[in-house]
Amino acid sequence: NDAEFINNIGTGPNGSVHDILFQNDNIYVGGSFTSFNNLNRSGLVKVEIDGPIVNDFDVNISLPFVGLGVEKIVVQDENLIIGGVFNSNNIDQFVKVNSNTGVIDADFNNENAFPIDFTNVDRIEVRGVDAQSDGKILVYGGTVNSEIGGFINRFTADGTKDDSFSTIDLSDFNITTATVLNNDEIVLATYFSGGFSSNDLLPII
């Protein structure tokens, strides 16, 4: 019941929650926290459906910026693909994680996640990941500073860059989120300014 769940969650995360994924009677919580119920857990934690933390699941990532962390979690073949702003063994922002143990797949290739060469930027942020029906993975985000720039790239199930994927020029847009429709078409959203405009939604194939 709710009271039992709240009691088992305890103090919960010491930062923000950015995404929640339900899978096989477990809950994966991603965000910008470094502890969960007073246990050291950075960015991603697994809890049972009634609230207790799964101690055997521990992902080795660090969060270099306050307020940023794991932004999106998706399932792929009983594993997790997570995207965000984090570091792990010189792998940044886009990794495959064993859903049972939290171990990061070292063979998963995430090179060239950023297809646009941005210059004079403070940092490049992965703001999310998503999966298409064929198992291919989308990675999207943008830059941080006065220069606006966005990107989206696609990878095969093993993390290899999909060179067949090309999109419109996104250098004038800062991508905040995206969704994959039932027909596998993609809709991107950018920062809104001065109210909502259809120009802030970018449908691409």
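Mentor: Isoleucine 175 stands opposite threonine 190 in S13. The model is predicted, so local features need pLDDT of at least 70 and side-chain atom pairs count only at pLDDT 80 or more, while totals for chains, interfaces and linings use all residues. Residues are numbered from 1 along each chain as its sequence is written, and side-chain values use heavy atoms, with hydrogens and water left out.

Threonine 190 belongs to strand S13, which covers residues 186-190; strands here are DSSP runs of E with at least two residues, numbered from the N terminus. The partner of S13 is strand S12, residues 175-180, and the two pair in the antiparallel sense over five bridges (pairing requires at least two bridges found by DSSP). Five residues lie between the strands of this hairpin, and aspartate 184 takes a positive phi near 70° in it. Threonine 190 also lies 5.4 Å from asparagine 174, C-alpha to C-alpha, although 16 residues separate them in sequence. With a relative accessible area of 6%, threonine 190 is buried (buried means under 20%, exposed over 50%, and partly exposed in between, with a 1.4 Å probe and protein chains only).

The largest nonpolar core has 16 residues, and Leu44, Phe57, Ile73, Leu80, Ile82 and Val97 have the most contacts inside it. Such a core is a set of buried Ala, Val, Leu, Ile, Met, Phe, Trp, Tyr and Cys residues joined through side-chain atoms within 4.5 Å. Two or more residues of this core come from each of S6, strand S7 (79-88) and strand S8 (91-98). S7 gives the largest share, three residues. Another core, of eleven residues, lies apart from it and includes Ile81, Phe94, Val126 and Val129. Nonpolar side chains tend to be buried together in soluble globular proteins.

Charged residues form links of another kind. A salt bridge places a side-chain nitrogen of Lys or Arg within 4 Å of a carboxyl oxygen of Asp or Glu, and by this rule the count comes to four. One of them joins aspartate 58 to arginine 41, with the closest N and O atoms 3.9 Å apart. This pair links distant parts of the chain, 17 residues apart: aspartate 58 is in the loop between S5 and S6, and arginine 41 is in the loop between strand S4 (39-40) and S5. Aspartate 58 is partly exposed because its relative accessible area is 42%, whereas arginine 41, at 8%, is buried.

In another bridge, the side chains of arginine 127 and glutamate 125 meet at 3.2 Å, N to O. Arginine 127 counts as buried at 14% relative accessibility, and glutamate 125 is buried at 8%. Arginine 154 pairs with aspartate 162 in a salt bridge whose closest N and O atoms are 2.8 Å apart, and both residues are buried. Lys136 joins Arg154 and Asp162 in a network of salt bridges.

Finally, isoleucine 49 is placed in the loop between strand S5 (44-48) and strand S6 (70-76). Isoleucine 49 counts as partly exposed because its relative accessibility is 46%.

Notes: Helix = DSSP H or I, 4+ residues; strand = E, 2+ residues; numbered from the N terminus.
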